[in-house]
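Reader: I have a model open on my screen and I'd like to learn how to read it. Can you walk me through it?

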Amino acid sequence: MQTICVYCGSSTQVDEAFFRTADELGGLLAAGGDTLVYGGGSLGLMGALAQSTLRDGGRVVGVIPQFMYEEKWHMEGLTELRVVTDMHERKRTMAALADAFVALPGGCGTLEELLEIITWKQLGLVTQPIVIVNVNGYYDNLLQLFDRAVEEHFMRERHREMWTVVGSAAEVLPAIRQAKAWDTGYRKFAAI
Ligand code: AMP
(Lines give C-alpha, C1' and ligand atoms only; values in the text may rest on other atoms or scores of the structure.)
Protein backbone atom coordinates (compact mmCIF):
# COMPACT_ATOMS: atom_id res chain seq x y z
CA MET A 1 0.00 0.00 0.00
CA GLN A 2 1.49 3.25 -1.14
CA THR A 3 0.67 6.93 -1.29
CA ILE A 4 0.45 8.00 -4.91
CA CYS A 5 0.55 11.68 -5.83
CA VAL A 6 -1.37 12.42 -9.02
CA TYR A 7 -1.11 15.68 -10.96
CA CYS A 8 -3.92 16.31 -13.47
CA GLY A 9 -6.01 18.97 -15.14
CA SER A 10 -8.81 20.94 -13.54
CA SER A 11 -10.57 21.77 -16.83
CA THR A 12 -14.13 20.50 -17.22
CA GLN A 13 -14.04 20.84 -21.01
CA VAL A 14 -11.66 18.03 -22.02
CA ASP A 15 -12.26 14.88 -24.03
CA GLU A 16 -14.14 12.01 -22.40
CA ALA A 17 -11.10 9.74 -22.88
CA PHE A 18 -9.18 11.77 -20.31
CA PHE A 19 -12.05 11.54 -17.82
CA ARG A 20 -12.25 7.78 -18.34
CA THR A 21 -8.55 7.42 -17.58
CA ALA A 22 -8.87 9.50 -14.39
CA ASP A 23 -11.89 7.48 -13.34
CA GLU A 24 -10.13 4.19 -14.02
CA LEU A 25 -6.98 5.22 -12.17
CA GLY A 26 -9.01 6.17 -9.09
CA GLY A 27 -10.64 2.73 -9.11
CA LEU A 28 -7.27 1.02 -9.40
CA LEU A 29 -5.76 3.03 -6.53
CA ALA A 30 -8.72 2.14 -4.33
CA ALA A 31 -8.56 -1.54 -5.33
CA GLY A 32 -4.86 -1.66 -4.52
CA GLY A 33 -5.37 -0.10 -1.09
CA ASP A 34 -3.23 2.87 -2.12
CA THR A 35 -3.83 6.42 -0.88
CA LEU A 36 -4.32 9.18 -3.43
CA VAL A 37 -2.70 12.54 -2.76
CA TYR A 38 -3.76 15.28 -5.13
CA GLY A 39 -4.44 18.99 -5.29
CA GLY A 40 -7.82 18.76 -3.56
CA GLY A 41 -9.89 20.27 -6.39
CA SER A 42 -13.43 19.27 -7.31
CA LEU A 43 -13.36 20.00 -11.04
CA GLY A 44 -12.13 18.28 -14.18
CA LEU A 45 -9.87 15.27 -14.01
CA MET A 46 -8.95 16.21 -10.43
CA GLY A 47 -12.56 15.82 -9.35
CA ALA A 48 -13.12 12.65 -11.39
CA LEU A 49 -10.03 11.01 -9.95
CA ALA A 50 -10.90 11.81 -6.33
CA GLN A 51 -14.53 10.78 -6.77
CA SER A 52 -13.71 7.40 -8.29
CA THR A 53 -11.11 6.66 -5.62
CA LEU A 54 -13.62 7.47 -2.86
CA ARG A 55 -16.46 5.65 -4.67
CA ASP A 56 -14.40 2.46 -4.68
CA GLY A 57 -13.47 2.74 -1.01
CA GLY A 58 -10.05 4.35 -1.32
CA ARG A 59 -8.37 7.03 0.78
CA VAL A 60 -7.92 10.52 -0.67
CA VAL A 61 -5.82 13.33 0.77
CA GLY A 62 -6.32 16.72 -0.85
CA VAL A 63 -3.74 19.47 -0.41
CA ILE A 64 -5.11 22.87 -1.35
CA PRO A 65 -3.83 26.42 -0.87
CA GLN A 66 -5.84 28.75 1.37
CA PHE A 67 -6.92 31.02 -1.52
CA MET A 68 -8.40 28.08 -3.47
CA TYR A 69 -10.19 26.93 -0.32
CA GLU A 70 -11.66 30.42 0.07
CA GLU A 71 -12.77 30.26 -3.59
CA LYS A 72 -14.49 26.95 -2.67
CA TRP A 73 -12.51 25.02 -5.32
CA HIS A 74 -11.93 22.13 -2.93
CA MET A 75 -13.71 18.79 -2.99
CA GLU A 76 -16.04 18.02 -0.09
CA GLY A 77 -15.96 14.62 1.58
CA LEU A 78 -12.30 13.74 1.13
CA THR A 79 -10.67 11.44 3.66
CA GLU A 80 -8.48 14.40 4.60
CA LEU A 81 -8.21 17.96 3.30
CA ARG A 82 -5.05 19.88 4.12
CA VAL A 83 -5.38 23.62 3.65
CA VAL A 84 -1.89 25.06 3.19
CA THR A 85 -0.48 28.58 2.85
CA ASP A 86 0.34 28.71 -0.84
CA MET A 87 1.14 26.78 -4.02
CA HIS A 88 4.72 26.13 -2.94
CA GLU A 89 3.68 24.58 0.36
CA ARG A 90 1.10 22.52 -1.51
CA LYS A 91 3.69 21.01 -3.84
CA ARG A 92 6.18 20.46 -1.01
CA THR A 93 3.51 18.73 1.07
CA MET A 94 2.35 16.53 -1.80
CA ALA A 95 5.94 15.51 -2.56
CA ALA A 96 6.70 14.76 1.10
CA LEU A 97 3.68 12.42 1.33
CA ALA A 98 4.22 10.59 -1.97
CA ASP A 99 5.81 7.22 -2.68
CA ALA A 100 5.35 7.87 -6.42
CA PHE A 101 4.20 10.62 -8.78
CA VAL A 102 1.79 10.26 -11.69
CA ALA A 103 0.95 12.89 -14.30
CA LEU A 104 -2.33 12.52 -16.16
CA PRO A 105 -3.03 15.04 -18.92
CA GLY A 106 -3.53 18.61 -17.77
CA GLY A 107 -2.87 22.26 -18.48
CA CYS A 108 -0.04 24.51 -17.35
CA GLY A 109 -0.66 23.72 -13.67
CA THR A 110 -0.10 20.01 -14.30
CA LEU A 111 2.87 20.66 -16.59
CA GLU A 112 4.44 22.86 -13.94
CA GLU A 113 3.95 20.20 -11.27
CA LEU A 114 5.37 17.47 -13.50
CA LEU A 115 8.38 19.50 -14.59
CA GLU A 116 9.09 20.62 -11.04
CA ILE A 117 9.12 17.07 -9.71
CA ILE A 118 11.37 15.93 -12.59
CA THR A 119 13.69 18.85 -11.76
CA TRP A 120 13.74 17.90 -8.08
CA LYS A 121 14.56 14.31 -9.03
CA GLN A 122 17.37 15.43 -11.32
CA LEU A 123 18.79 17.38 -8.37
CA GLY A 124 18.46 14.36 -6.06
CA LEU A 125 15.88 16.10 -3.85
CA VAL A 126 13.35 13.31 -4.47
CA THR A 127 13.92 9.76 -5.70
CA GLN A 128 10.39 8.38 -6.15
CA PRO A 129 9.15 6.95 -9.48
CA ILE A 130 7.46 9.36 -11.91
CA VAL A 131 4.90 8.01 -14.39
CA ILE A 132 3.59 10.07 -17.29
CA VAL A 133 0.22 8.83 -18.59
CA ASN A 134 0.28 9.72 -22.27
CA VAL A 135 -3.42 9.31 -23.04
CA ASN A 136 -4.12 9.78 -26.76
CA GLY A 137 -0.55 10.99 -27.27
CA TYR A 138 -1.28 14.11 -25.21
CA TYR A 139 2.33 14.30 -23.97
CA ASP A 140 4.01 13.48 -27.32
CA ASN A 141 5.24 17.04 -27.85
CA LEU A 142 6.66 17.30 -24.34
CA LEU A 143 8.42 13.95 -24.77
CA GLN A 144 9.89 15.19 -28.07
CA LEU A 145 11.15 18.26 -26.25
CA PHE A 146 12.85 16.02 -23.65
CA ASP A 147 14.49 14.14 -26.57
CA ARG A 148 15.70 17.44 -27.95
CA ALA A 149 16.98 18.49 -24.52
CA VAL A 150 19.06 15.28 -24.38
CA GLU A 151 20.25 15.68 -28.01
CA GLU A 152 21.33 19.24 -27.32
CA HIS A 153 23.05 18.17 -24.06
CA PHE A 154 20.78 20.17 -21.78
CA MET A 155 20.09 16.84 -20.11
CA ARG A 156 21.94 13.56 -19.93
CA GLU A 157 20.79 10.33 -21.53
CA ARG A 158 20.46 8.76 -18.07
CA HIS A 159 18.02 11.49 -17.05
CA ARG A 160 15.43 9.70 -19.17
CA GLU A 161 15.44 7.04 -16.46
CA MET A 162 13.70 9.52 -14.15
CA TRP A 163 10.30 8.88 -15.69
CA THR A 164 8.27 6.12 -17.34
CA VAL A 165 5.70 6.78 -20.06
CA VAL A 166 2.55 4.64 -20.20
CA GLY A 167 -0.57 4.89 -22.32
CA SER A 168 -3.31 3.88 -19.91
CA ALA A 169 -4.37 3.83 -16.27
CA ALA A 170 -3.92 0.05 -16.11
CA GLU A 171 -0.19 0.44 -16.74
CA VAL A 172 0.43 2.97 -13.96
CA LEU A 173 0.86 0.74 -10.90
CA PRO A 174 3.02 -1.84 -12.74
CA ALA A 175 5.19 1.04 -14.04
CA ILE A 176 5.65 2.33 -10.49
CA ARG A 177 6.69 -1.14 -9.31
CA GLN A 178 9.15 -1.56 -12.18
CA ALA A 179 10.62 1.97 -12.15
CA LYS A 180 14.40 2.22 -12.24
CA ALA A 181 15.81 3.07 -8.83
CA TRP A 182 17.06 6.63 -8.38
CA ASP A 183 19.51 7.82 -5.77
CA THR A 184 20.07 11.17 -4.07
CA GLY A 185 23.72 10.74 -5.12
CA TYR A 186 22.63 11.12 -8.78
CA ARG A 187 22.78 14.84 -8.03
CA LYS A 188 26.35 14.54 -9.30
CA PHE A 189 24.96 13.95 -12.82
CA ALA A 190 22.93 17.19 -12.68
CA ALA A 191 25.96 19.23 -13.71
CA ILE A 192 26.56 18.48 -17.38
P1 AMP B 1 -4.25 22.64 -14.77
O2 AMP B 1 -3.48 21.46 -15.25
O3 AMP B 1 -3.73 23.94 -15.31
O4 AMP B 1 -5.73 22.51 -14.82
O5 AMP B 1 -3.86 22.76 -13.28
C6 AMP B 1 -4.10 21.85 -12.33
C7 AMP B 1 -3.58 22.55 -11.14
O8 AMP B 1 -4.03 23.90 -11.24
C9 AMP B 1 -4.03 22.12 -9.82
O10 AMP B 1 -3.11 21.30 -9.18
C11 AMP B 1 -4.16 23.44 -9.12
O12 AMP B 1 -2.89 23.89 -8.75
C13 AMP B 1 -4.60 24.38 -10.08
N14 AMP B 1 -6.01 24.65 -10.31
C15 AMP B 1 -6.43 25.42 -11.33
N16 AMP B 1 -7.76 25.57 -11.31
C17 AMP B 1 -8.21 24.87 -10.26
C18 AMP B 1 -9.51 24.64 -9.71
N19 AMP B 1 -10.63 25.14 -10.26
N20 AMP B 1 -9.59 23.87 -8.61
C21 AMP B 1 -8.48 23.37 -8.05
N22 AMP B 1 -7.25 23.54 -8.52
C23 AMP B 1 -7.10 24.28 -9.61
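**Reading the fold**

Author: Start with the secondary structure: the chain has seven helices and seven strands. Here helices (H or I, at least four residues) and strands (E, at least two) are DSSP runs, numbered from the N terminus. This is a predicted model, where local features need pLDDT of at least 70, side-chain atom pairs count only at pLDDT 80 or more, and totals for chains, interfaces and linings use all residues. Residues are numbered from 1 along each chain as its sequence is written, and side-chain values use heavy atoms, with hydrogens and water left out.

Reader: In what order do the elements of the chain run from the N terminus on?

Author: They run β-α-β-α-β-α-β-α-β-α-β-α-β-α.

Reader: How does the radius of gyration of the chain sit against that of a compact globule?

Author: The radius is taken over C-alpha atoms, and the globule rule is 2.2 Å times the number of residues to the power 0.38. For 192 residues the rule gives a value near 16 Å, and the chain has 16 Å, which agrees. Its C-alpha atoms fill a box of roughly 45 × 35 × 30 Å along the principal axes.

Reader: What percentage of the residues in the chain is buried?

Author: Buried means under 20% relative accessible area, exposed means over 50%, and partly exposed is in between (1.4 Å probe, protein chains only). Buried residues make up 49% of the 192 in the chain.

Reader: Let's zoom in. Where is Val 63, and is it buried or exposed?

Author: Val 63 is in strand β3 (residues 59–65), and it counts as buried because its relative accessible area is 0%. Leaving aside neighbours within four places in sequence, its contacts include Val 37, Tyr 38, Val 84, Arg 90, Thr 93 and Met 94. The C-alpha atoms of Val 63 and Val 83 are separated by 6.0 Å, although the two are 20 residues apart along the chain.

Reader: Which residues of helix α4 are buried?

Author: An α-helix has 3.6 residues a turn, so residues three or four places apart point the same way. In α4 (residues 87–97), the buried ones are Arg 90, Lys 91, Thr 93, Met 94 and Ala 95. Three of those names, Arg 90, Thr 93 and Met 94, are also contacts of Val 63.

Reader: What happens at the start of α4?

Author: A side-chain oxygen of Asp 86 comes to within 3.2 Å of the backbone nitrogen of His 88.

Reader: What does the side chain of Asn 134 make a polar contact with?

Author: With the side chain of Asp 140, at 2.8 Å. Asn 134 is in the loop between β6 (130–133) and α6 (140–151) and counts as buried, because its relative accessibility is 12%. Beyond its neighbours within four places in sequence, Asn 134 is also in contact with residues including Leu 143, Val 165 and Gly 167.

Reader: What does Arg 158 contact, leaving aside its neighbours within four places in sequence?

Author: Trp 182, Tyr 186 and Phe 189. Arg 158 is in the loop between α6 and β7 (163–166) and is partly exposed, at 29%. From C-alpha to C-alpha, Arg 158 and Tyr 186 are 9.8 Å apart in space and 28 residues apart in sequence.

Notes: Polar contact = N/O pair within 3.5 Å; in protein donor to acceptor, adjacent residues only side chain to side chain. Contact = heavy atoms within 4.5 Å.
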